[in-house]
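Biologist: Please pick one part of this model and take me through it closely. I'd like to hear what surrounds it and how its residues are placed.

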Amino acid sequence: MFNRSEFNNTLLNWYHANKRELPWRETSDPFKIWLSEVMLQQTQVITVIPYYEKFITKYKDLDALADADETSLLKDWEGLGYYNRIRNFQHAVKEVQAQYQSQVPSNAEEFFKLKGVGPYIGGAVLSIAFNNQLAAVDGNVLRVMSRLNRDGRDMTKASVQKDIKQYIESDMPLEAGDFNQALMELGATICTPRTPKCLVCPVKEHCEAEAANEV
């Protein structure tokens with residue numbers, strides 16, 4: 001088991017010094033952060049950037065997207081695929097508009113009740129926008145954690161993903177949003193599936209798979 005406190009500090013320091021400049025990292029607006037996470041589901045960052053920038057220019061706030069004509073909205077989404085993402089998102093922001101005076105709720109119980117909000121979206125938005133102490137566990141995070149702990153379990157199983165989420169949350173740093181993004185950044189840029197850059201990994205001394213030569 002790696003040293004959690006040292007790992008957390010090292011990873012956060014690396015992230016602050018090396019994080020990619022992405023447009024949704026330049027805002028604290030929970031609506032825009034939420035939009036970016038919906039777009040990033042099953043879609044690569046490089047594809048999402050121009051769509052995100054177009055959307056926040058045309059739909060400047062939650063009310064603008066809630067009130068948008070669905071046909072126009074779907075047209076603007078064209079090319080991103082998985083159209084239920086934007087349909088569910090508009091349904092959810094309409095709920096926020098009606099129930100919470102257009103203010104995205106920071107309360108986890110309220111936010112998780114909204115249409116299309118699952119464990120990942122909920123953890124990501126609430127931690128990044130409001131610094132709630134929740135993990136955001138995607139494929140990158142699962143891969144990183146499996147290597148760090150030399151965990152050979154099937155990461156596609158919901159029960160395993162739940163265990164990983166609880167494990168991260170058991171020692172979540174105060175900078176929860178940055179920490180979640182740091183784990184995802186590590187998985188996306190260093191701890192990649194087939195050709196991980198172990199030589200330049202900032203946390204390799206904590207990695208049990210690296211120590212056992214089983215990455």
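Modeller: Happy to, and let's begin with a meeting of two helices: Asn 140, Val 141, Arg 143, Val 144 and Met 145 in helix 9 meet Leu 183, Met 184, Leu 186, Gly 187 and Ala 188 in helix 11. Contact here means heavy atoms within 4.5 Å, and helices (H or I, at least four residues), like strands (E, at least two), are DSSP runs numbered from the N terminus. Keep in mind that this is a predicted model, where local features need pLDDT of at least 70 and side-chain atom pairs count only at pLDDT 80 or more, while totals for chains, interfaces and linings use all residues. Residues are numbered from 1 along each chain as its sequence is written, and side-chain values use heavy atoms, leaving out hydrogens and water.

The axes of helix 9 and helix 11 (residues 176–189) come within 8 Å and cross at roughly 85°. Helix 9 is therefore roughly perpendicular to helix 11. The axes are lines fitted to C-alpha atoms, for helices over the stretch in contact, with angles running from 0 to 180 degrees between N-to-C directions; under 35 degrees counts as roughly parallel, over 145 as roughly antiparallel, 65 to 115 as roughly perpendicular and the rest as oblique.

How enclosed is helix 9 by the rest of the structure? Largely so, because eight of its 10 residues are buried. Buried means under 20% relative accessible area, exposed over 50%, and partly exposed in between (1.4 Å probe, protein chains only). The buried residues of helix 9 are Val 141, Leu 142, Arg 143, Val 144, Met 145, Ser 146, Arg 147 and Leu 148, and they pack against helix 1, helix 10 (158–169), helix 11 and helix 12 (208–211).

Arg 143 sits in helix 9 (residues 139–148) and, although buried, has no salt bridge: Asp 138, the nearest side chain of opposite charge, is 7.3 Å away. A salt bridge would take a side-chain nitrogen of Lys or Arg within 4 Å of a carboxyl oxygen of Asp or Glu; Lys and Arg count as positive, Asp and Glu as negative, and His and the chain ends are not counted. Leaving out residues up to four places away in sequence, Arg 143 touches Gly 187, Cys 191, Thr 192 and Pro 193.

Cys 191 leads us to the sulfurs. With a disulfide taken as a pair of cysteine sulfur atoms within 2.5 Å, the count comes to zero. The sulfur of Cys 201 has its closest cysteine sulfur in Cys 191, but at 6.4 Å that is too far for a bond. Cys 207 is in no disulfide either, with the nearest cysteine sulfur, again that of Cys 191, 6.6 Å away. Cys 201 is buried at 14% relative accessible area, and Cys 207 is buried at 12%.

Finally, helix 11 has another partner. Helix 1 (residues 4–18) packs with helix 11 at an angle of about 75°, their axes 9 Å apart. That makes helix 1, too, roughly perpendicular to helix 11. Their contact involves Phe 7, Asn 8, Leu 11, Leu 12, Trp 14, Tyr 15, His 16 and Asn 18 of helix 1, and Asp 178, Phe 179, Gln 181, Ala 182, Leu 183, Glu 185, Leu 186 and Thr 189 of helix 11.
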